[in-house]
Amino acid sequence: MTNHDVMQMTEDYILGTYQRFPVALESGENATLKDFDGKTYLDFASGIGVCSLGCGNEHWLAAITAQANKLPHVSNLFYTEPAAVVAKTLVERTGMQGVFFSNSGAEANEGAIKLARKYSFDKYGAGRSTIVTLHHSFHGRTITTLAATGQDVFHNYFFPFTEGFVHAEPNDIESVKSACDKSTCAVLMELIQGEGGVLPLDTAFVQAVASFCKENDLLLLIDEVQTGVGRTGTLFCFQQYGIEPDAVTFAKGIAAGLPFGGLLAAKSCASTLSAGTHATTFGGNPICAAGANAVLAELTPDFLRDVTQKGACIRETVSGWNLPVVTSVRGLGLMIGIGVSCSHKQAVGKLVESGLLALTAGADTIRLMPPLTITKGKIDAGLAILKQILSTY
Ligand SMILES: *Cc1c(COP(=O)(O)O)cnc(C)c1O
């Protein structure tokens, strides 16, 4: 097939919910992808932070194929080894108490929302169920996680949305406090708002929210679906903020391309979701869990230090160009936002056409999220394309 064939068949048979770039990708090797016409692209998007180990990582491939041969799936009515190992590793490396596995980020957040509401119900009875989230946040596409998402553009068409969410201003502790009342049970937030524009929260604000939650027995829920699993240079981003969340959700990069996610619960609420209160058919699937174990084995302290350095190097390089079109450079590790005064969508379209896959975020931001395994050489090659395109503005 050619690019054209794949694109045509997609347009004919897949519902038109996505506005796609005119590229059909066929294969890849680490951070270099190839389309059906043989053109290559440098990957600064990694499937929106999913392909954390790039394409074709040997250990990952060996782990998932071995598991597929042995046992692809049973159900959560039985015990399996790969999920138990992922859970043990995550718990030991975070200080949390236990894990629930889901298949996606939205489902992970649904689990955290259920956890917070039941925690409060068990302790205080009905009526304490409201969750505070932040403006510019993104928490998923289910009816409930759309309601949690603090962007009005997402609150259309699909009424009625789940009730019990109120939105406060990021980096404004008074706004969070005044959004809370007797009905509040939790605060849910990303530490770097990803879809909202790669907007990092201030440490002082995050710590003030954490203290306020502790004082009022509100659960602190951190959405690390995008920031988690090494993306920001630590296993989880919260580890750089000096806080102890009650629950942390993850998905995207955890299994390096397979659908997998979940929530980590702290001791405070680890027994809340008791038998029969929450479940999913695919969650903890052995093949996905084997992939996650390969990812976690790769994320050594040295590897994570390298992620931090590569990210700092990209941000310094882009800032150093002093291009008039660049208004700011933000982010942590390999989650990078470049604010631009031109159309971010048009700029990313030109980047893709020139062989660099990148993403947009928010209203004016080019987002870079290469595989964590990207080499310095490929970073330089990608930055050369970025500089060339941004210089045309
Ligand atoms: C992507 C994302 C989600 C939703 O994850 P899905 O796997 O698409 O359901 C939720 N929260 C954040 C912060 C995300 O970046």
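Analyst: The model is predicted. Start with the lining of the largest cavity: Gly49, Ser52, Val225, Gln226, Gly228, Val229, Arg231, Lys252, Gly253 and Leu372.

User: What makes these lining residues?

Analyst: A lining residue has an atom within 4 Å of a grid point of the space. Gly49 and Leu372 are among those listed for the largest cavity, so each has an atom within that cut-off.

User: How many cavities are there of 30 Å³ or more, and how much space lies in the largest?

Analyst: There is 1 cavity of 30 Å³ or more. About 40 Å³ of space lies in the largest cavity.

User: Why is this called a cavity and not a pocket?

Analyst: A 1.4 Å probe fits in a cavity but cannot get out, whereas a pocket is an open set.

User: How does the lining of the largest cavity divide by class, and which domains supply it?

Analyst: There are 3 nonpolar, 5 polar and 2 charged residues. Arg231 and Lys252 line the cavity, and Arg and Lys count as charged, so they belong to the charged class. Domain 1 (3–56 + 301–390) and domain 2 (59–298) each give at least three residues.

User: Now the ligand. Which residues are around it?

Analyst: The shell consists of Ser104, Gly105, Ala106, Asn109, Phe138, His139, Gly140, Glu190, Asp223, Val225, Gln226 and Lys252. By class, that is 3 nonpolar, 6 polar and 3 charged. Helix α5 (residues 105–124) contributes the most, 3 residues.

User: What about Gln226 and Ala106?

Analyst: An oxygen atom of the ligand lies 2.7 Å from a polar side-chain atom of Gln226. For Ala106, a polar backbone atom is 2.8 Å from an oxygen atom of the ligand. Taken alone, the ligand exposes 390 Å², and the protein buries 81% of that.

User: What is the volume of the second largest pocket, and which residues are closest to its centre?

Analyst: Its volume is about 810 Å³. Of the 33 lining residues, Asn76, Val99, Phe100, Phe101 and His278 are closest to the centre.

User: Which element gives the largest share of that lining, and how does the lining divide by class?

Analyst: β4 does, with 4 residues. α4 (81–94), β4 (98–102) and β12 (261–265) each supply at least two. The lining has 20 nonpolar, 13 polar and no charged residues.

Terms used:
Residues numbered from 1 in each chain as written. Predicted model: local features only at pLDDT ≥ 70, side-chain atom pairs only at ≥ 80, totals over all residues. Heavy atoms only, no water. 1 Å grid on protein atoms, 1.4 Å probe; cavity = no way out; pocket = protein on both sides within 12 Å on 5 of 7 lines; lining within 4 Å. Points joined across faces, edges and corners; volume = space filled by probe spheres on them. Domains from an automatic or database assignment. Near = heavy atom within 4 Å. Polar contact = N/O pair within 3.5 Å; in protein donor to acceptor, adjacent residues only side chain to side chain. Areas by Shrake-Rupley, 256 points an atom, 1.4 Å probe, with all protein chains shown as cover.
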